[in-house]
Amino acid sequence: MPDSPAPRFTEEETTAIIARAARAQHAIAPVHETGLSLAELQQLGDAAGLEPAHIAAAAATIRAEQLVADEWLGLPTEMRETRVIPVPVGDQAWERMVAVLREHFRSAGFAGQVGRAGHGARAAG
């Protein structure tokens, strides 16, 4: 009789298992520093079959989303959404992205470059 396949866990189960194991470990041997470094996250991602560049991009997006927007009377004055692309964006791809954004926001806007060519951030408005 063949061996049955190893059990598979859902994303929710995986999150609960890791959280429970972390709480148990910290109860036995508390650590002074909480959280994981990017390198540690990338090691975990590697074990799950995820590319380090995608882990880094996701981490950068999470951090960018945590930036506090300007407020007026306790309410945000703008909406922001950040996406980090894990690969360099060429000039043609950038132009297509700006065209899509212009169409989406129904605004001519402008495209420009900040910093040195190839190293600076690009801005669209």
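Accessible areas here come from the Shrake-Rupley method with a 1.4 Å probe, and for residues only the protein chains shown count as cover. By that method the protein exposes about 11300 Å², with carbon and sulfur atoms supplying 59% of it. The model you see is predicted, so local features need pLDDT of at least 70 and side-chain atom pairs count only at pLDDT 80 or more, while totals for chains, interfaces and linings use all residues. Residues are numbered from 1 along each chain as its sequence is written, and side-chain values use heavy atoms, leaving out hydrogens and water.

**Overall layout**
- The protein has four helices and four strands, which are DSSP runs numbered from the N terminus (helices: H or I, at least four residues; strands: E, at least two).
- Starting at the N terminus, the order of elements is α-α-α-β-β-α-β-β.
- Of the protein's 125 residues, 6% count as buried (buried is under 20% relative accessible area, exposed over 50%, partly exposed in between, with a 1.4 Å probe and protein chains only).
- Among contacts (heavy atoms within 4.5 Å) with a separation of 6 or more, 19% join residues 24 or more positions apart.

**Helix H1**
- H1 has 18 residues and reaches 26 Å from its first C-alpha to its last, close to the 26 Å expected (1.5 Å times one less than the number of residues).
- H1 is hardly covered, as the count of buried residues among its 18 is zero.

**The second largest pocket**
- A pocket is an open set of points on a 1 Å grid over the protein atoms alone, where a 1.4 Å probe fits, with protein on both sides within 12 Å along at least five of seven lines; lining residues have an atom within 4 Å of a point.
- The second largest pocket is lined by 15 residues, and Thr14, Ile18, Leu44, Gly45 and Ala48 lie nearest its centre.
- Helix H1 (11-28), helix H2 (38-47) and helix H3 (52-65) each supply at least two residues of this lining.

**Helix H4 and arginine 106**
- The 15 residues of H4 should span 21 Å at 1.5 Å a residue, and its end C-alpha atoms are 21 Å apart, which agrees.
- Arginine 106 is found in the loop between helix H4 (91-105) and strand S3 (111-113).
- Most residues other than glycine have a negative phi.
- Phi of arginine 106, however, is positive, near 50°.
- At 78% relative accessibility, arginine 106 counts as exposed.
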